[in-house]
Every structure is written in structure tokens, then in C-alpha cells.
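Welcome! Have the sequence and the model ready, and try each exercise before reading its solution.

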Amino acid sequence: MSAVLEVTDLGRSFGGIAAVDGVSFEVQQAEIVGIIGPNGSGKSTLFNLLTSVHKPDRGQVRLFGQDITRTPSHKIARAGLSRTFQLPALFVNMTVRQNLWTAAVEGDWRGAPELANEVLELLDLAHVSDELAGSLSGGQQRLLEMGRVLMQQPRVVLLDEVAAGVHPRLRQTILGAIRELRSRDATFLIIEHDLELTQDICDRMIVMDAGKIVAEGSFEEITHDPHVMEAYLGVPAE
Amino acid sequence: MSSDDSVRKRAKRGPERRGAATTSMSSATTTTKTAEAPTTGPRGRTIRMAGLIAFAVIALTLPLWSTPYWIRIATGVALWAGLALSWNVICGYAGYISFGHVGFFGIGAYTTAILMQPDHGWPFFATLPVGIVIAAVFAVITGWPALRLKGAYFAIATWAIAEAVREFTTVADWTGGAGGLTLPIGPGSNYFYYVMLIAAAIAYVLCYALLERSRFGYRVKAVRDNEPAARAQGIDATKVKIQAYVLSAVIPAVLGGINAYWITFINPQSVLNTIITDQLVVMVLVGGLGHAWGPAFGAAVLFLVNEQFLSSFGSSTSYIAMVGVIVMLVVLFLPDGVVSIWGRSRRTRLVRQLLGRAADDFRSGNAAGSGGGR
Amino acid sequence: MEGLAQALVTGILIGGLYVAISVGFSLAFGVLDVVDLAVGMWVVLGAYAGVKAHDWFGVDPFIFLPVTFVVFGLFGWLLGPLIYRVRTSRYALPALMGLAFTFGVATLIRGGMLTVFGYTPRTVQTDIVSGSWSLFGIVMPAIRVVGFLFAVIAVAAFLFFLYFTRTGLAVRAVAQNKESAGLMGVDVKRISSLVYAIYTGLTAMAGMLMGAVYSMTPELGLRYTLFAFFVVVLAGLGSVLGVLVAGLFLGILQALTTTYVGADYTLMTVFVVLFVILLVLPQGVSKFAKAVRT
């Protein structure tokens, strides 16, 4: 089976500092890959490069075999790649429901109301569905980000700390949503600080530090990798 | 934004059935408390419908029972309500502050005036579509680069564009230069009243249909609220912004054409005067930014005040100064416009958030890619 | 060839004044995060202060310059806090409202000037210098040379303040990062008022000099706003060196257009160039700004 997402030697620097520095990896169909690493290690920048929010200085990104390295963001989204943002990027002057509809505005618009109702139930947002998105709590905002992803019915999903600050019970809801999408063959790339959560759900982990991939493998493998300990704890690798 | 309230109330019924209510000339009824909203919904709609019908009857029969003076005033109010609406489209809905809208007004006026000169001799109504096309093309050409700019950059770019249009008409021969152009004398004032009224009404219905009841409105508002997120939903933000800009450009072009025929003499000082933009800004700010009928209200009030000034002082220069003072006071003390006085607190918050978002855009625009700017 | 040299010299002499107009504007932009749309109005108002100093008091405008600075600085000192308030109000009132506010200020000044001074063009009369000097066949009207020199002195004083005083350091800190500056104990509000005061004072002085070179009407304010904006866009935000170069470039561009195309087309040329810059470099502008800031 060919890779859904192929990243080759991707690099981008800001003001002389390499935020992402020669990153290469592949993600297979229906795989859930976790990306961990300390703050500033380039995880979110990587997502921004994959979705053309920023243009890479070098390297290549392929989605379903197609080169999308310099494809505009909206075309990438239409090709089936959906994402959340590290800082919730909601349409703050629209209601929760309208936010969900908007996620379907380029997709299944007719089916949007029904799907939105399902998503609202699934994410426990029904009671705030007519509130403005800007008035939601931090956790609810992340849930709504997740909801927009569900509305897009994506084939590849990039989640950027989608469970941060979310109530533990709702965290299970998010995990359930991820599993549900995966059962429909969706592929995931997940940035997460909560190792427990990643352990729960990820098939494979990628560890980043200073813009580079320092380790890759199963949860067991990477937690015993000295590079990872160094990246996280500052203990030099022996 | 205009009828977010009503949209919210009807939200459960889904996009395809959204918006049974009308544009809202009477959406003051939505000032009921949130808790009562579900029960007052149908009644509110009846009142709105009744209000709209009453308004339509009054507006349509005005020439039958009114004086020529008031018909002229009403024509002016319709003109300015339409212009304010167009400014609200780009500013309130799309989140871009344009100081160059007078340029489109002037383009429409000059198109009609030039085509109706004896050597061309076009009939009046044939000139309006030409004005629309020229304004639309001009909006695309100028909007395409300008809409990549944020906040102040866009504002000043549009200002410069309008100023360039004025310079051009002043210098060029076929626009009559500074001397301007004279048009054939048109039919009577009732004719212009109805034409202006219908044009403004069409503009309101069109904008309402496009921005409140179609996918397009969702796209525009999504781009306004958060451009990167909108792109991540597959929305072609560049295209949407240009479409919104074109929509907001063709309205003043049509109204400008009608206005030219109405006043029969135009020159750069009359139809490309920056005071027109000044007025639009103050009308929309006073009425309530991003509110559907607020600008119409602001337009009516401001136009009447302007008339009063003209008849009292015989010059409009002190009026300009007063407009400036009003803008300053509104920004300082009434940032959501007069409608916020009797509007619900939610409305107030909504506009503030829109503005807050614009501020963020502005900051990130200054420091694109640095993740937050200063 | 002589025409070209003449145009270059003329352009540089006027460009000095553009620098004086834009340098404070650029700083106020950086510190208050608001483009002051009234900048051109301060220019014209400064020119009228010179006109009226001569009309009413018989004072030579050049002697009146320090008074202009103080008086307009006072205006700015009073206005600055309002802009600061709009910009930083609790409910995140934004750049958009800040813009609208300065737009209101600009409209007020324009309307006020039209009411008081009317539409008739006026020139600042001075008795200090007259005639013109000639060097290698290049004519330099004395008033332009003196105006240029005054502008150079004013800009130099401004830069000295900015780079060699404690307060100037605080100003630069605020311009770069308000939050950090605030955390370091800088009174951001006071600095904002001060910057706005200095900016209005400086701009009005430059306007008075400008009024000695060109005749002024209240309607010209917008033109100078656009010119100042042109310079700041071209320079890149927060770049003082950029303002020096861009201001001179604007002067030269204007002089070349006047010489080779015609004075009527000056504005249009400037607009087209501005438009092309915005077209080609919208990211470039902010990128540049970021590079300068970091």
C-alpha cells in the first residue's frame, strides 16, 4: 500500500532560525501517527507547511501521490486534508452551528444541517449550538475545531493539540471521534503533549526536537530512546 | 451579520430553509430578551412583515401625498442608504475598511454621463449595465492586489485608488476635465425617486440573499472572522474577498449613474469628492457596523442633518468638520453605533468581537508569519 | 542631462521635507499601532499656522517654527491618549476603530480649515530668504535649500532623541514590543502620548516648511497623507533608514515626473508606483518590517 502522506526533506526557517529542518516521513492509510516534542520543536510549523499556511523553503509534500507542496491551502482542504489549529481558529462571530455549517460550505452543503446535528450530539455541544463561537470555553473551542474536522468528512486529518484543556470525559469523546473516523479509513497525524493519550491511540510516534525528527517508532521504543529523554528532560544522551 | 439574531433563532431548521424573515427594516423586534426568543419568534416575524409592508406602502405612495421637497429628500435617503449598504458589505461583512468607495460612485456617474452625451446618445437604462461592468472590472483589477493587504494598507490603497480616479477625470478630456459634464434633462422628480428607491431596494434584497441566505455569505463571514481557518475549510479566500469587493463596488456604480442623471451636471468635485466617503463611513458607524438596517438608519439621519446644515449655513464645510467630530465621538463612546443603544448586549458583543478580530488581522498582517506579531 | 541633474537636486530638496513628514508618522505608527490618517492634515495645518503667523502677528514663520512645534505637540499630547484608549480598550477595540478615529480627526481638521481658511491656496511668506542660488547651472531656490536644511536639522534632532536618550530607548522598546516594554516598567501610555506629541509637532513644522515651498489648500491634506504612507510602505515599518531613502526617492520621483511627463501627472505617477509596490511587495513590506523589528 502506498503512503497517504509523504514528506521529503521539508524545511523552513524564520529570520535565520530553522523552525523545520529537513523533515521526512510517511504516513500510511488509516494510520494514526503521533508527533511529540518540546515547545518550539517545530511541530505546529510542520502542520502549517503541510497545509500551505507557510510555504516551505525546500522539500516536498505528497498527498495521495500528488505533489501539494505549493498548492493553496483551500485546494489541499478540498483534496481531503483537514486540520485543527493550535490556537483555536474559530469563526468567532458565528454561532457554533454556523461554524459547523461553514466547514461543509465547500463540501456536502445539503447534508450539512443533519450532519451538524450529529456532530453536536457527538461532541456534547448541542446545548451551546446557538451560542457565538467566541463565547465558548477553551475546551469547547477545541471540541468545535474537532467538530469542523468531522464536518469536512476528511480522508487525512491533522490534529494540533486538540485535547489540550478539554475535560477528561470529553477527551474520551474526542478519542471516540478519532476512532470513528479511522474506521472509515481516515489517516491521522496528531500533535499531542499528553503522552497517555498518544499511547492510547497512536500506532506510531514521531519525536521532534529543534526542527528535526530525533526518533520514530512505537510508544515503547521512543519512551526508551535516549534522544527523547534528552529532548524532554534536558538529560544528555549517553 | 445583519440578522445573525434571526438566523440563530431559526438555526435548527438548517441552511436550505434559513431566513424566512425579511431584511429587517423592522428587526427591532428582535430586541426581545434571549429567554423569550423561541416564543416570540413567529410573532416577531409577523411584526417584521407588517413593518416591512407598511414601509413599502409608505415608500411607494410617497409621491401621492408628499411635497416635492420631501420627495427629493427621500430620493437622497434612498441613494445614501444604498451607498451605505455597499460600504457595509466590504467593511461589516468582509472586514475590510475601504476609503475609496467614492471611486465606484464616480465611475458609475461618469459612465452614464459620457454615454448619454449627444455624440453617443445612449438611453439612460442602457448605461447602467455598462457602469456595472466597468466598476466590476475595476474592482477586480484593483481589489486583486489590494485585498492581499491588511487593515490600514488596504484602507489607504483604496483611498489612493479613488484619488487617482479623481485626478484622472480632472485631467482627461473625454471626462470633461474639471469642468465636468452636463447630461440631458431627465424626467420629473417622481421618476428619479422611484428609480432610486427600486435600485436601493434591489441592492438590499440582493445583498440579503447573497450574504444571509446563501453559501456565499458563510464564505465571506468565515474569511472575515479567520482567514487561515476559512482556507482550511476549503474556502478560496482570495476569490471570496474579490467577489465581496465586486458586490460592494457595483452598487455605488448603479446609484452613481442614477444620481448623475438626476442632478444632470457632474464634475470631479461633485461625484468624486472625498466627502462622499466621509459620509459613508459616518453613516455606517453611526448606524452600526455590520448591521443590515443600521446603515440605512444612519444614512437617513445623516442626510437630513446635512440638508439642514446646507439650508442653515449655505455651505457644507462646517458640516465636514461636524462629520469628523461625530466619527470621533461614535468611536470613543458608541463603537457599535446607535442601534446598539436599543440593541441587545449580544449584538454589541458581536460587533466588538468582529472589530477585535480585525485588530488581530492587522497585527498578524504587520508581522506575517512571526506567529503573533507584537 | 542638465534637466536630469536639476530634477535630481529639486527632488532631493523636496525629499528632505517628505522625510521630515514621514519619520514621525512612521514612529507613531509603530508605537500606537494605528495609521494616523490625519498626518497630511497636520502638514496643511502647520502650513496655515505659518501663513497666519505672518498675517496676524507679522512674525516670520521660520522664527515661529519652535512655537509651532510646541503648539502642535500640545495638540498631539491631548489627542494621543484618546487614540491609545481606542486602540487598547478593554473590549479589544481594534485597528479598524483606531483608523476610523484618525479618519474622524482628519475630517474634522479638513472641515475646520475649509470653514476658517476657505479654498484659496496660500503660501507661507518668509522674509528671511529669497531669490535663488545657482550652481553649475542648477537652480536652487533659496527657500527650498533653507527648508531642506531645517528638515535635516529637525530629523537629526528627532533621531538624536530616539537613539541617544533614555526616553528614546523607551520609545524604541515600545515600538518593538509593547508587552515586554510594559513588563520592563515602561509607561506605555505616557510614551504613546509623548510619541504622538512629538510626531504632530514635527509634522506640523515640516508642513510649515512645505507651505513655504508649495502653496497649500485644506484639500491637499489627503495628498500628504498618501505621500507619508507611500514613504512608510516603501521604507518598511519601523525602518528609520528606510524612511530617509524612501522620502528622497519620493521627492526625486515627483521631480522627474514634473520634468519629463508633466506636473499634472505627478500624483497619478505616485499612485501607480505605490500601487505597484503594494502589488509586488505586500509580503515584502511586512517581511521587511519583521526583519527590522527582530
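## Exercise 1: Two helices in chain B

In this predicted model, helix α4 (residues 101-115) of chain B and helix α10 (residues 237-263) of chain B have axes that come within 6 Å and cross at roughly 45°. Work out how the two helices are oriented, and list what makes up their contact.

**Solution.** 

Step 1. Start with the crossing angle of roughly 45°. Angles under 35 degrees would count as roughly parallel, and 65 to 115 as roughly perpendicular. α4(B) and α10(B) are therefore oblique to each other.

Step 2. Next, look at the handedness: α4(B) crosses α10(B) in a right-handed manner.

Step 3. Now collect the residues. From α4(B) come H101(B), F104(B), F105(B), G106(B), I107(B), G108(B), A109(B), T111(B), T112(B) and A113(B). α10(B) contributes A249(B), P252(B), A253(B), V254(B), L255(B), G256(B), G257(B), N259(B), A260(B) and Y261(B).

Step 4. Sort them by class: this contact of α4(B) with α10(B) has 12 nonpolar residues, 8 polar and no charged.

## Exercise 2: Chain B as a whole

**Solution.** 

Step 1. Count the elements: chain B has 16 helices and 2 strands.

Step 2. Check burial: 58% of the 374 residues of chain B are buried.

Step 3. Take the contacts in chain B between residues at least 6 apart in sequence; 74% of these link residues at least 24 apart.

## Exercise 3: A sheet in chain A

**Solution.** 

Step 1. The open sheet has 4 strands in the order β2-β1-β4-β5 (chain A), and their pairing is antiparallel.

Step 2. At the edges lie β2 (17-27) and β5 (66-67) of chain A, each pairing on one side only.

Step 3. Zoom in on one pair: β4 (residues 58-63) of chain A and β5(A) run antiparallel and are joined by 2 bridges. Here R62(A) is opposite D67(A) in β5(A).

## Exercise 4: Where the chains meet

How many residues does the contact take from chain A and from chain B?

**Solution.** 

Step 1. Chain A gives 33 residues and chain B gives 28 residues.

Step 2. On the side of chain A that touches chain B, α2 (73-78), α3 (96-103), α4 (112-122) and α5 (138-152) of chain A each supply at least two residues.

Step 3. That side of chain A divides into 16 nonpolar, 10 polar and 7 charged residues.

Key
Residues are numbered from 1 along each chain as its sequence is written. Chains are lettered from A and ligands numbered from 1 in the order in which they are written. This is a predicted model: local features need pLDDT of at least 70, side-chain atom pairs count only at pLDDT 80 or more; totals for chains, interfaces and linings use all residues. Two residues are in contact if their C-beta atoms, placed from the backbone, lie within 7 Å. Ala, Val, Leu, Ile, Met, Phe, Trp, Tyr, Cys and Pro count as nonpolar, Asp, Glu, Lys and Arg as charged, and the others, Gly among them, as polar. Two strands pair if DSSP finds at least two bridges between them. Axes are lines fitted to C-alpha atoms, for helices over the stretch in contact, and angles run from 0 to 180 degrees between N-to-C directions. Angles under 35 degrees count as roughly parallel, over 145 as roughly antiparallel, 65 to 115 as roughly perpendicular and the rest as oblique. A crossing is left-handed if the near helix is turned anticlockwise from the far one by less than a right angle, and right-handed if clockwise. A residue is buried if 20 or more other C-beta atoms lie within 10 Å of its own, exposed if 12 or fewer, and partly exposed in between; C-beta atoms are placed from the backbone.
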